[in-house]
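My entries follow the order in which I checked things.

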Amino acid sequence: MIPLAALIATGQLISSSRRKLPDLRVGFLDVHPRRRLWHLDQGIGCALFCTDYLCTVVSGEKPTVIAIVDDDELVRIALQCLMKAAGFTAVAFASGEEFLNSGELERTACLIADIRMPGMSGLELQAKLSKDHHKIPVIFITAQGDERMRMQALRTGAVKFLTKPLDKGILLDSVRAALDS
């Protein structure tokens, strides 16, 4: 069990209504694809690391995750760092298939996807999400976009269609707009 009382005592987790917090039993929590927290009940050190996650679980809120799908590793890393620097939780995937099989669909509040990727394209990913009734706002990014492709993406419900190199201000404004919609 997670020592929630210890979090409250240290001021890290405060319930505004002072109601009794539920017992959370977590043996394994995959916070980041490459970083795993085991045995959260082993002490405050681990629990403090994921306080934001615990607060959202206790309050019942869904965490806001920005999913990034791009076959270019450098672009994925740069976008993930930009989203984290802006205060968002970001996860990155090398392909549409990897994203669909990740288990992050329900937590994803916004998707940033490359249009042209090997295997499933960004447009095919958007069509699959729509077909499966996942209402995730999509921002498309591409280095090789043309007007026809842009119109197709926007017609099928994309929030924004941006060309690389990306302007970080415009991208962050687009993400905020997508989260507000």
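Which hand does the β-α-β unit made by β5, helix α6 and β6 have? I looked it up in this predicted model. The unit of β5, α6 (residues 122-131) and β6 is right-handed.

Next I checked the pairing of β5 and β6. Strand β5 (residues 108-114) runs parallel to β6, with four bridges between them. Ala113 sits opposite Phe140 of β6.

Then I went on to β7. β6 pairs with β7 (residues 160-163), again in the parallel sense and over four bridges. Here Phe140 stands opposite Phe161. To get from β6 to β7 the chain passes through helix α7 (residues 147-155), and this β-α-β crossover is right-handed.

I looked at burial in β6. Five of the five residues in 138-142 are buried. I noted Val138, Phe140 and Thr142 on one side, with Ile139 and Ile141 on the other. Side chains in a regular strand alternate between the two faces of the sheet.

I turned to β3 (residues 65-69). Five of its five residues are buried, so the rest of the structure largely encloses this strand. Val65, Ala67 and Val69 cover one side, Ile66 and Ile68 the other, and all are buried.

Which way does β4 run relative to β3? The two are parallel, joined by five bridges. Val69 faces Phe93 in β4 (residues 89-93). The chain gets from β3 to β4 by way of helix α4 (residues 73-85), in a right-handed β-α-β crossover.

Last, I checked β3 against β5. Five bridges join these parallel strands. Val69 has Ala113 as its bridge partner in β5.

Definitions and conventions: Residues numbered from 1 in each chain as written. Predicted model: local features only at pLDDT ≥ 70, side-chain atom pairs only at ≥ 80, totals over all residues. Heavy atoms only, no water. Buried < 20%, exposed > 50% of the residue type's maximum accessible area, 1.4 Å probe, protein only. Pairing = 2+ DSSP bridges. Right-handed = clockwise from strand over helix to strand, strands pointing away.
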